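Q: Hey, I'm new to this one and would like a quick tour. Can we start with the charged pairs and then move on to the helices?

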Amino acid sequence: MTLAKYVQILGRGPGRSRDLTREEARAAMTLVLSGKAAPEAVGALLMLMRFRGETAPEIAGFVDAVHDQLGDWTTVGGALDWPTYAAGRTRGEPFFLLAAKLVAQNGHSIVLHGWNSHQNERASIAKAVPSLDIPTVDTPDAARAALVANNICYIPLETLSKPAYDVLRLRDVLGLRSCFNTVLRMMNPTNATAAAQGVFHPSYRDLQSDAGALLGRKTITVIKGGGGEFERHPGKGTAAYGLSNGALIDETAKPIIDATRKLHELSEPVIDLAALWRGDVDAPFATSVVIATAGLAFWTLGMAPTIAEADEMAHKAWANRDTSQ
């Protein structure tokens with residue numbers, strides 16, 4: 001029960017080291033999640049992979065190991081998996097939550113999950129969801145009930161998997177993010193039919209697409225979103241990578257407004273998400289973020305053959321939303 005052989009594989013030096021196979025990665029992460037691995041070895045493994053650059057088989061193997069210990073969470077299902085694990089220090093309000101709520105209100109079950117309250121409280125999902133009537137759930141049965149009643153729920157990572165949460169929090173010790181952030185984005189803990197994923201660095205779009213293919217995922221849309229979230233800039237073209245019915249995709253979502261401001265910059269004053277949903281505040285750019293993000297989610301779910309048509313669907317959905325919910 002040691003990580004030494006996997007650290008040796010990665011760190012032997014030029015000409016001798018190699019990437020882990022999917023099976024080796026699964027075995028290594030299983031040991032990490034068990035809590036029985038030496039902490040020094042866990043840090044060495046994660047930082048060697050960061051230095052070398054992780055591969056799709058390694059990410060797939062790590063996801064396999066996480067899934068192995070999720071239990072009944074994997075039976076919850078859902079239409080769209082929506083991971084949220086980014087919270088940069090300069091990130092503003094999570095407008096994508098309103099996009100998820102809009103898609104859910106139009107009949108599609110959305111599973112939000114994540115942990116991102118560590119750098120900027122304004123970006124905290126856990127603090128934002130109660131005011132939007134998005135239930136936070138702590139058991140698979142509660143998740144199923146929430147999806148039946150509301151078509152949406154939020155699962156904190158520490159509820160889904162305390163071992164996975166502990167690995168993610170190693171960032172506080174190591175001072176750097178590890179590939180585990182990518183693993184959690186790829187996790188799809190409830191085995192939802194499709195997935196919407198954001199990345200901070202464009203290079204990860206291909207990595208997550210390739211890992212998804214290895215995992216047998218059929219439908220994933222990956223974008224470089226605001227602060228690394230699945231949140232689309234309405235004033236810029238957005239490259240959409242991933243999988244559609246198992247085939248690799250490379251599409252571009254065209255702008256829906258003329259705007260040059262940064263997507264994730266802090267707004268002053270703070271925009272209240274619930275008030276924006278109700279129509280009590282006038283925030284054209286924020287509203288366009290919601291509509292553009294919802295459009296890409298509708299397209300991911302196959303509700304329209306083109307992103308432009310899905311954007312029009314999102315415009316209509318926003319105009320006709322039930323503001324009392």
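This is a predicted model: local features need pLDDT of at least 70, side-chain atom pairs count only at pLDDT 80 or more; totals for chains, interfaces and linings use all residues.

Q: What does Arg22 form a salt bridge with?
A: Arg22 pairs with Asp64, and their closest N and O atoms are 2.7 Å apart. A salt bridge here is a side-chain nitrogen of Lys or Arg within 4 Å of a carboxyl oxygen of Asp or Glu.

Q: And where do those two lie?
A: Arg22 is in helix 2 and Asp64 in helix 4, so the pair ties together parts that are 42 residues apart in sequence. Helices are DSSP runs of H or I with at least four residues, numbered from the N terminus.

Q: OK, back to the pair. Is Asp64 buried or exposed?
A: Asp64 is buried, at a relative accessible area of 12%, while Arg22 is partly exposed at 24%. Buried means under 20% relative accessible area, exposed over 50%, and partly exposed in between, using a 1.4 Å probe and protein chains only.

Q: Which residues join into one network there?
A: Arg22, Arg26, Asp64 and Asp68, through salt bridges that share partners.

Q: How many salt bridges does the structure hold?
A: It holds 10. One of them joins the side chains of Asp19 and Arg52, at 2.8 Å from N to O.

Q: Where do Asp19 and Arg52 sit?
A: Asp19 is in the loop between helix 1 and helix 2 (22–34), and Arg52 is in helix 3, so to speak a link between distant parts of the chain, 33 residues apart. Asp19 is partly exposed at 33% relative accessible area, and Arg52 is partly exposed too, at 31%.

Q: What about Arg18?
A: The side chain of Arg18 meets that of Glu24 in a salt bridge, 2.8 Å from N to O. Arg18 is partly exposed at 35%, whereas Glu24 counts as buried at 18%.

Q: Switching to helices: at what angle do helix 1 and helix 3 pack?
A: Helix 1 (residues 4–11) and helix 3 (residues 39–52) pack at about 25°, with their axes 10 Å apart. The axes are lines fitted to C-alpha atoms over the stretch in contact, and angles run from 0 to 180 degrees between N-to-C directions.

Q: What do you call that arrangement?
A: Helix 1 and helix 3 are roughly parallel. Angles under 35 degrees count as roughly parallel, over 145 as roughly antiparallel, 65 to 115 as roughly perpendicular, and the rest as oblique.

How values were computed
Residues are numbered from 1 along each chain as its sequence is written. Side-chain values use heavy atoms; hydrogens and water are left out.
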